[in-house]
Amino acid sequence: MIQVKNLVKRYGDLLALDNFNLEVREGETFGLLGPNGSGKTTAINCILSLLKYSKGEINLFGSPMKPDNYASKKRIGVVMQNVAVFNELTVIENIDYFCGLYIPNKKERNPLVEEAIAFTGLDDYRKFLPSKLSGGLLRRLNIACGVAHKPDLIFLDEPTVAVDPQSRNHILEGIKELNRNGATIIYTSHYMEEVEQICTRIMIMDNGKAIATGTKEELKAMIRSGEKVTVEIPDLSNEVLREIDSLSGLIDAKYDDQLLTARCVSESYCLSSVLDTLRKHNVGFGRVFSEPPTLNDVFLEITGKELKD
Amino acid sequence: MFRNIFGKRIIGSIRDRGSLVWTLIFPLVLATLFYIVFSGIDAAGMLNRFPLGVVNDAAFQENVAFRTAIESVSDEDGLFELILHDSVEEANVALENGEIRGYIIVGEIPTLIVTMDGIEQTVAKTFLDRYLQMQNSIEHVMMTNPAALANLVPMEFTEEISLSHNPPSGVLNFFYALLAMTAMYGAFQGGTAIIYLQANLSALGARRTVSPAKRWKVIFYDLLAALAIHFTCMMVLLAFMNFVLGIDFGQQIGFVILTCFVGSMLGISFGALLSVTPRLKEGAKISIMLAVTMVCVFLAGLMVGGINYIIAERVPILAWINPAARLVDAFYALYFFDTYERFALNIVIVLGMSIVMFIMTAILTRRQRYESI
């Protein structure tokens with residue numbers, strides 16, 4: 001559905017996209033994950049023909065994407081990172097306006113507009129002006145304007161930024177539903193939990209480059225880290241810490257701020273051996289946490305920095 | 001597509017209070033203030049009938065010609081309110097008390113007595129001089145060629161010189177300049193339309209650029225909606241001035257409306273061209289719009305009456321390139337002149353400016369891909 005080959009985009013001296021390649025298959029929910037400034041939005045804007053680029057090839061639905069490729073544009077839905085609605089039009093007028101850019105016939109459009117209102121849960125706010133909506137409702141309106149015409153391919157660029165948890169869940173569930181109904185989704189975010197929750201395949205980006213692509217399981221399998229064990233310990237001697245650190249199947253162990261953190265090698269489970277060692281030395285401990293590896297661990301191991309930063 | 005884009009932009013513009021304040025409310029308030037401040041100025045400029053004394057002695061009674069002449073200009077619509085005094089002393093007292101502006105002693109040669117200079121004293125003196133001139137002419141003809149007496153024209157003391165089918169007015173220029181200012185405020189409507197179109201200027205512009213609506217259609221429909229809204233504002237202002245404030249725009253109301261329409265085009269195109277410049281922030285663009293408009297309307301006579309004539313005389317090029325001055329002059333030409341050459345020239349200039357700005361805007365907005373957004 002989308003093929004991007006060797007895309008290079010510069011902002012003056014800054015290389016925003018460095019030989020960027022992307023392939024999105026029909027029916028996927030494809031996540032572009034990366035910290036702010038990693039090139040996610042630039043990639044989307046190049047694909048949508050909003051930005052000029054120095055080099056590369058972009059194909060959508062099998063044809064080159066250009067500003068006047070109206071046939072492809074007709075099949076695309078876009079939810080911009082910044083809310084893009086008319087402040088002077090009500091909720092229903094805004095949705096009708098954007099749907100009308102794709103479907104000129106009012107009779108055909110009306111049921112789609114109603115469906116989009118119901119889908120985003122904006123029924124009680126249909127006569128509201130955007131200025132009267134909360135941040136979460138405004139984001140939902142932004143989504144309704146982008147998807148009302150039932151596109152085959154939907155770009156969602158950080159649609160949950162500055163959104164309350166209730167609206168965030170509503171939005172994420174809605175995206176899953178769009179995908180179930182047949183739409184291919186491109187979802188950009190710097191929230192790894194969201195990407196893990198809804199995306200079938202994920203590309204991790206940093207400094208304009210794709211550093212890893214695959215399902216979340218595939219990505220996690222790429223790194224050495226496996227389970228992460230965290231134990232609350234009021235007092236831990238260096239001797240016990242060294243013994244834990246030398247356990248087999250452990251990458252390393254750290255003790256800081258009354259918390260012992262032990263990183264296990266991928267595919268191995270070290271929780272019981274850590275707890276056994278503590279008991280052996282009569283070390284009292286409080287709560288124990290065991291977490292599988294996250295995409296942040298993937299990002300950390302590949303780039304040496306936290307995704308959250 | 002047209003109904004959707006055009007119709008929603010109309011609705012949006014009506015609800016855009018900020019824009020409507022500049023293009024409708026502010027001009028309406030200013031027109032009302034002008035009306036309050038300037039009411040009576042025209043009347044003050046007109047010469048009112050004033051009291052003039054005549055010593056009603058034997059000489060006055062015997063001089064039938066003079067009596068007839070002064071009585072002919074002393075009726076209700078005349079120049080003088082004629083007050084007869086029995087003696088010179090009585091006339092002097094009346095003059096000192098300010099009851100009369102001057103008085104005439106007929107004697108052998110009628111003489112005007114005044115104690116101060118002024119328009120009314122000048123009018124009285126002009127009347128008397130004209131009378132004496134005519135009297136001398138008649139006496140001369142009688143002595144030299146009495147037969148020609150019959151050919152002498154009847155004596156007229158007032159003469160109406162008509163430059164126009166409409167009466168002169170000292171305040172109309174202010175209202176014309178106000179209309180020109182409102183026309184240029186169309187820049188707000190035109191500017192908003194373009195900001196909402198350009199992906200590098202607003203998220204809304206980016207969102208619309210990625211839609212399958214053809215770009216020229218969106219630009220055309222949006223600017224058409226801006227023009228429709230702004231022209232309607234101009235019409236409301238014109239109707240308010242005409243029907244509520246009683247400002248007389250002459251008989252050529254169709255051409256007055258045409259001038260407003262061309263003025264709206266000018267304002268819209270000016271705002272559109274300014275807004276297409278990506279490097280300026282929105283606040284800076286609005287500041288420039290206001291500054292340019294205020295300079296133009298100042299030079300067209302909005303704040304200082306007659307400055308447009310001074311500019312036209314001393315820096316004519318500035319007057320010709322000032323669109324507000326051209327609009328004011330178009331209204332002026334419609335009101336005062338029976339011919340249309342001057343009006344047509346002004347309209348062609350303003351229309352030309354608008355078309356050039358629209359073409360430049362179209363060239364600058366045709367691209368859809370940007371270096372950065």
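Two strands pair if DSSP finds at least two bridges between them. Helices (H or I, at least four residues) and strands (E, at least two) are DSSP runs, numbered from the N terminus. With that settled, on to the structure.

This is a predicted model, in which local features need pLDDT of at least 70, side-chain atom pairs count only at pLDDT 80 or more, and totals for chains, interfaces and linings use all residues. Residues are numbered from 1 along each chain as its sequence is written, while chains are lettered from A and ligands numbered from 1 in the order in which they are written.

I start with chain A. Strand E3 (residues 29-33) and strand E9 (residues 201-206) of chain A pair in the parallel sense, over 4 bridges. In this pair, A:Leu33 stands opposite A:Ile204 of E9(A). Both strands belong to an open sheet of 6 strands with mixed pairing, in the order E6-E7-E8-E3-E9-E10 (chain A). What stands at the edges of this sheet? Strand E6 (76-79) and strand E10 (209-214) of chain A do, and each has a single partner strand, so one side of each lacks a neighbour in the sheet.

Helix H1 (residues 40-47) of chain A lies across E3, strand E7 (153-157), strand E8 (184-189) and E9 of chain A, at about 145° to E8(A). Helix H6 (residues 165-180) of chain A also packs on the sheet, touching E3, E7 and E8 of chain A, and makes about 155° with the direction of E8(A). Such angles run from 0 to 180 degrees between N-to-C directions, and axes are lines fitted to C-alpha atoms, for helices over the stretch in contact.

Now chain B. Helix H2 (residues 17-38) and helix H8 (residues 172-184) of chain B pack at about 170°, with their axes 10 Å apart. H2(B) and H8(B) are therefore roughly antiparallel (under 35 degrees is roughly parallel, over 145 roughly antiparallel, 65 to 115 roughly perpendicular, the rest oblique). Residues are in contact if their C-beta atoms, placed from the backbone, lie within 7 Å. Among the contact residues are B:Phe34 of H2(B) and B:Phe174 of H8(B).

The axes of helix H9 (residues 186-195) and helix H12 (residues 253-275) of chain B come within 6 Å and cross at roughly 40°. That makes H9(B) oblique to H12(B).

Last, the two chains together. Their contact takes 23 residues from chain B and 26 residues from chain A. On the chain B side, helix H1 (2-15) and helix H10 (203-209) each supply at least two residues.

Terms used. Contact = placed C-beta atoms within 7 Å.
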